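This report covers a predicted model. Please look at the sequence and structure below before reading on.

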Amino acid sequence: MKKIDYRDKGSILNPLKNLQFFARKPITEKLEPRPASASYRGFHINDMDLCIGCSSCQKICDNAAITMVEVPSIKEDAAKGIRNLRPAIDYGRCCWCALCVDICPTSAIEMTREYVHTCDGDDTDSYFVFPSENGIHDLKFAKGWTKTEDSDLLDRIRRPMGEMKPEARINNFDEVVDGFTMEMAVEEASRCVDCGLCEDACPAHMHAPNYIRSIYEGNLEQAVEWMYETNPFSHVCGRVCTHICEDACSLGRVDENGVKNSQPIAIRWLKRFAMDNVSKATIKHIAQKGKTHIKSGKSVAVIGAGPAGLTAAFDLAKKGHRVTVYEALPKAGGMTRYGIPNYRLPEDRLDQDIEVITSVGVKINYNVRVGTDISMQQIHQENDAVILAIGLHNGRSTRISGSDNKAVVKAVDLLRMIPQGDKFIAPKSAVVIGGGNVAMDIARSMARLQMKQHNKVNVVVSALEALGNSFLADDEEVSESLEEGITILDSRGPKQCVISKGRLTGLETVNVLSIFDNKGRFSPKYDNSDLQYHPAEMVIEAIGQSADITLLGKDLIEELDWDRGRIKINDNGSTSVEWLWSAGDMVKGPDVINAVADGHRVANDIDSYLTR
Amino acid sequence: MKNTNKEGHSKSYKKLQTKKTLEEILDIAISFEKTARDFYTALIPNVSKNIRYLVEELAEEEQQHFDLFTNLKENSEVKKQLVKKINTPVEDHKFSDFVKLVDLGDNPDDQTILVYALAREDAAMKQYRDLAENAPKGELKDTFSFLAIEEAEHKLELEKKYYEIIHSGGPGM
């Protein structure tokens, strides 16, 4: 081949060669896009209803081609794990790798077989696309790359939690759950996509993605540090939290287009694992972080040593205020001690949370009943601010015929007796009225006592609600109760406690045909012809609870504003009385993590009030 | 102050037995609502402030029924029927069960008040339902059916309230 010198400019006639095309008729060849293959990675589509705004697509994109855009018309719902963010894609950056498709927990984002988009020079923004269900040009193209079970990047199934067998646990109050091993915990933590929906949903906004990552990295101390930023009841919440975070977890979604079985990260069990595997001394050291050594000179009284009161006390003590907690019972913990049985929450774990809280300088006066041993007025006079967090310790009664018999008792009263070590002779047969977790707690406690004392379980739970969607108790409580030999009669309404010669002989119930109206409000329909008799030596009522507000006294009750039976508070827990705040179950309903969140809110507000 | 919490009009049932026209029946019904309204209104200061809202709502609801029944009596279509005689149920004690002197105690709690109110609405509903059954077909029957439905709906609302307050520790729990 002839070498051409780089300085060679060619013939001067070369431009004239182009003249040969001058007189020719132009030919235009129509170019139709060829149909793409079935799994072509073309432009994205996004199902706006399936998309939950978790941002997993954005996080996995190595080219930073995805931006999450706020869509105000989409309603956010943190508890359900729905954000109003949706992905927009920059096709100047996208390399069509489809990792966004393969990671999407709900299979909302997919790719089509559409691949042609042109624009003139002024319209380059058109390559930044907010994909909808109809694609980039609002033309419906066939789907290209979509996720399959093989291409799904998510590990959908949680590591199973071991439990004590029913026959081994039925005659004792030992903890039922085994807990994770290190290997199981790391595997479980590795499933997390770090979307943060759990943190949004948690009432205390615990930094779950951070502590899960720390567990994954094997750094349990760091995990506990993350926990103590928001929750001084991490042992308790590692066992009995209502785990709203798990309900919001992006992995808990049913993948409508692909994988059908998807389980949320076991966030609660991971928390339990980290807390159980860091020493008490280290946790105490961690809890001290952020504590000021400057005394404010202000004092705060907390009435009630439950999760709300003690969380507030923990925060306020760390801010340098003198905090005194008044507790009517011999030990702290409130309903977590006197309502939750040991097989769900061992007392030593609760004791450890309390010990850490008192280690920052919180003083608890036990066996002091406000209103009897000390007046509200005196507490007010001796302190700059007062927090009322007394929980819901009064049990409600059905007040059906015969319910005033001495063999008809309230669940909360019995549950309070068990950890106090009171000698309690279990009845040989018992019927529990109620279908919530308290009903299950007393039924399962009673079953254990019966097995120990009589070697036989005879407990019937009679609930208005039908098993399934409307049943109040957690599914695991129901299944474990059944395993332990407890009979659950759902859709049964209590008619009367049957009394013969002054002695209780049993409970009569009728069938509940339906319980809620089409708006979800209570509207029971009974079939009185379907009457059943349940013989029992004891009937236990577990239908609801209320706060004992008598400690406030008539004048303060009159001075306070009320909101449909509860003390009226603002968003920060402040009541209409300047020096009084209220928090926890008594104003927000029963829930540990909500109580913890409430404690923080109240402490922040009181600190602002005292340091203004 | 014990009598403050007792509802009067013990003679209502006897009156009802002897009254035979729709106008007279409606007069008793209006009186029944008025008595209840006044009863709840008098009860308001005698209950603890935290549950006062409940009694205030009951008084307001009875006032609404009082207004509704009064307007009904003034309605021209109903007026035409007012003089028609109907059979009142002979062995009916439902109204009387609750228009008799009822003692709620000095400081009744929310459950006591709700149980009383529920029973009262139940009695009224059954009474109107029986009257509707005994009335001849037409507007007269329709009127009593309407009254029965009104009381039934009132009772239903109270049942919902009862569940929300008693069975769960308060609304929204």
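## Domain layout

In this predicted model, the C-alpha centres of domain 1 and domain 3 of chain A lie 46 Å apart. Domain 1 of chain A spans 44-129. Domain 3 of chain A is assigned in two segments, 293-393 and 547-610. The division of chain A also includes domain 2 (166-286) and domain 4 (395-545).

Strand 9 of chain A covers residues 385-388. In a regular strand, side chains alternate between the two faces of the sheet. A:Ala385 and A:Ile387 point one way from strand 9 of chain A, while A:Val386 and A:Leu388 point the other way. All four of these residues are buried.

Which strands pair with strand 9 of chain A? One is strand 6 of chain A (residues 299-303), which runs parallel to strand 9 and is joined to it by four bridges. Here A:Ala301 stands opposite A:Val386. Another is strand 22 of chain A (residues 580-582), also parallel, with three bridges to strand 9. In that pairing A:Leu388 stands opposite A:Ser582.

## Helix 13

Helix 13 of chain A runs over residues 307-318. Its 12 residues reach 16 Å from first C-alpha to last, close to the 16 Å expected at 1.5 Å a residue.

Is helix 13 of chain A largely enclosed or open? Of its 12 residues, 12 are buried, so helix 13 is largely enclosed by the rest of the structure. The buried residues include A:Asp315 and A:Lys318, as well as A:Leu310, A:Phe314 and A:Leu316. Just after helix 13 of chain A, A:Gly320 takes a positive phi of about 95°.

Note on methods:
Residues numbered from 1 in each chain as written. Chains lettered and ligands numbered in written order. Predicted model: local features only at pLDDT ≥ 70, side-chain atom pairs only at ≥ 80, totals over all residues. Buried ≥ 20, exposed ≤ 12 C-beta atoms within 10 Å, placed from the backbone. Helix = DSSP H or I, 4+ residues; strand = E, 2+ residues; numbered from the N terminus. Pairing = 2+ DSSP bridges. Expected span 1.5 Å × (residues − 1). Domains from an automatic or database assignment.
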